[in-house]
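The following exercises are to be worked through with the sequence and the model in view. Each consists of a task and a solution in steps.

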Amino acid sequence: MKYITIIILFFSNLVFSQKGIVEYGYIEAFSIGNAKGPDYNAYMIFNKSESYYVTAKDSLETPVKINTKTTFNNDDSSIGTVYNNMKVSEIGDQVLYNIHKDSIWSNFLYRKQIYVEEIAPKINWKIEKETKKIGKLTCKKATTHFRGRNYSAWFTTDIPLPFGPWKLNGLPGLILEVYDTNKNVYWYFKRIEYPTENKETIKKKSIYLKENMLTYSDLKDFQKEEQDIVTERGMVLKKQFPEIEVIKPSLSEMFIECE
């Protein structure tokens with residue numbers, strides 16, 4: 001019995017030390033809904049203790065799908081690209097989640113690269129009775145309200161690790177699909193390798209150390225400032241075209257996190 005226990009523990013440790021990669025499509029349709037927005041490639045590398053997610057990255061976008069391209073410089077001189085009205089950057093929008101450090105480091109492109117460090121938020125998921133197959137994996141449904149949006153997620157306990165795309169973590173299984181109520185944001189499953197021999201690595205916190213990190217409170221201040229800037233630009237335009245109506249955009253029309 002002792003030897004059997006040792007063997008079980010050995011194989012259990014072997015499984016949970018393995019690395020996996022899951023590929024998603026990510027659709028961003030803030031002011032439109034119904035998943036009728038730009039469709040980005042995304043992927044997430046994960047092991048038993050951390051995950052690294054990236055989307056809207058230049059090298060992830062496929063020339064077959066996106067056939068026009070314009071390079072631009074942001075206000076801070078960082079480089080980005082527009083493919084058929086899809087804005088991407090060289091490094092992409094990233095989220096690094098570490099369970100043991102209980103921390104999330106993230107960045108996204110909004111006129112310039114914004115970097116954020118925060119304690120990993122505790123998401124209050126409700127696991128529902130519904131199930132469905134995604135690929136060959138059986139998934140359960142879970143719902144939650146997180147930072148201004150109501151989400152439905154489909155996760156599989158066949159891979160019992162608490163990771164998902166972007167900052168949507170904390171379920172007892174890997175999230176393969178997730179969307180908010182009106183599909184203003186929508187991640188859908190493409191493929192998974194677990195375990196994987198893919199050479200892509202989980203990025204370390206050091207990638208952020210040279211940057212000016214915001215707290216989540218700082219991020220909310222930044223969002224309000226950008227909201228005001230958009231409104232002010234509308235007022236300037238109204239001076240040229242008095243007939244137009246200027247409406248202050250809601251944060252939900254500008255950012256994933258809107259609360």
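**Exercise 1: A residue with positive phi**

Asp102 has a relative accessibility of 27%, so it counts as partly exposed (buried is under 20% relative accessible area, exposed over 50%, partly exposed in between, with a 1.4 Å probe and protein chains only). The model is predicted: local features need pLDDT of at least 70 and side-chain atom pairs pLDDT 80 or more, while totals for chains, interfaces and linings use all residues. Residues are numbered from 1 along each chain as its sequence is written, and side-chain values use heavy atoms, without hydrogens and water.

Task: State where Asp102 is found and describe its phi.

Solution. 
- Step 1. Asp102 belongs to the loop between strand S7 (93-98) and S8; helices (H or I, at least four residues) and strands (E, at least two) are DSSP runs, numbered from the N terminus.
- Step 2. The phi of Asp102 is positive, about 50°, although the residue is not a glycine.

**Exercise 2: Arg147 and its surroundings**

Task: Determine where Arg147 is found, whether Arg147 is buried or exposed, and which ring Arg147 lies over.

Solution. 
- Step 1. The loop between strand S11 (137-146) and S12 holds Arg147.
- Step 2. Phi of Arg147 is positive, near 50°, in a residue other than glycine.
- Step 3. With a relative accessible area of 13%, Arg147 is buried.
- Step 4. Arg147 lies over the face of Tyr216, 3.8 Å from the ring centre; a charge sits over a ring if NZ of Lys or CZ of Arg is within 6 Å of the ring centre and within 35 degrees of the ring normal.
- Step 5. Lys132 also has its charged end over a ring, that of Trp154, at 4.6 Å from the centre.

**Exercise 3: Aromatic pairs**

Task: Find how many aromatic pairs the whole structure holds, and describe the pair of Tyr26 and Tyr40.

Solution. 
- Step 1. A search of the whole structure gives 13 aromatic pairs. Rings of Phe, Tyr and Trp (its six-membered ring) pair if their centres lie within 6.5 Å; planes under 30 degrees apart count as stacked, over 60 as edge-to-face and the rest as tilted.
- Step 2. Tyr26 and Tyr40 are stacked, with 6.2 Å from centre to centre and 25° between the planes.
- Step 3. This pair links distant parts of the chain, 14 residues apart: Tyr26 lies in strand S1 (residues 20-28) and Tyr40 in strand S2 (residues 39-46).
- Step 4. Tyr26 is buried at 3% relative accessibility, and Tyr40 is buried with a relative accessible area of 6%.
- Step 5. The ring centres of Trp166 and Trp187 are 6.1 Å apart and the planes stand at 15°, so this pair is stacked.
- Step 6. Trp166, in the loop between strand S12 (149-156) and strand S13 (174-180), and Trp187, in strand S14 (residues 185-193), are 21 residues apart and link distant parts of the chain. Both Trp166 and Trp187 are buried.
- Step 7. One aromatic cluster is formed by Tyr26, Tyr40, Phe146, Trp166 and Trp187.

**Exercise 4: The sheet and a helix**

Task: Give the order of the strands in the open sheet, and identify which strands stand at the edges.

Solution. 
- Step 1. The open sheet has twelve strands in the order S10-S11-S12-S13-S14-S1-S2-S3-S7-S8-S9-S15, with mixed pairing; two strands pair if DSSP finds at least two bridges between them.
- Step 2. Strand S10 (126-134) and strand S15 (213-214) are at the edges; each has a single partner strand, so one side of each lacks a neighbour in the sheet.
- Step 3. Helix H2 (residues 216-240) packs on the sheet and touches strand S8 (103-110), strand S9 (112-119) and S15; contact means heavy atoms within 4.5 Å.
- Step 4. The buried residues of H2, among them Tyr216, Leu219 and Phe222, pack against S8, S9 and S15.

Methods
Axes are lines fitted to C-alpha atoms, for helices over the stretch in contact, and angles run from 0 to 180 degrees between N-to-C directions.
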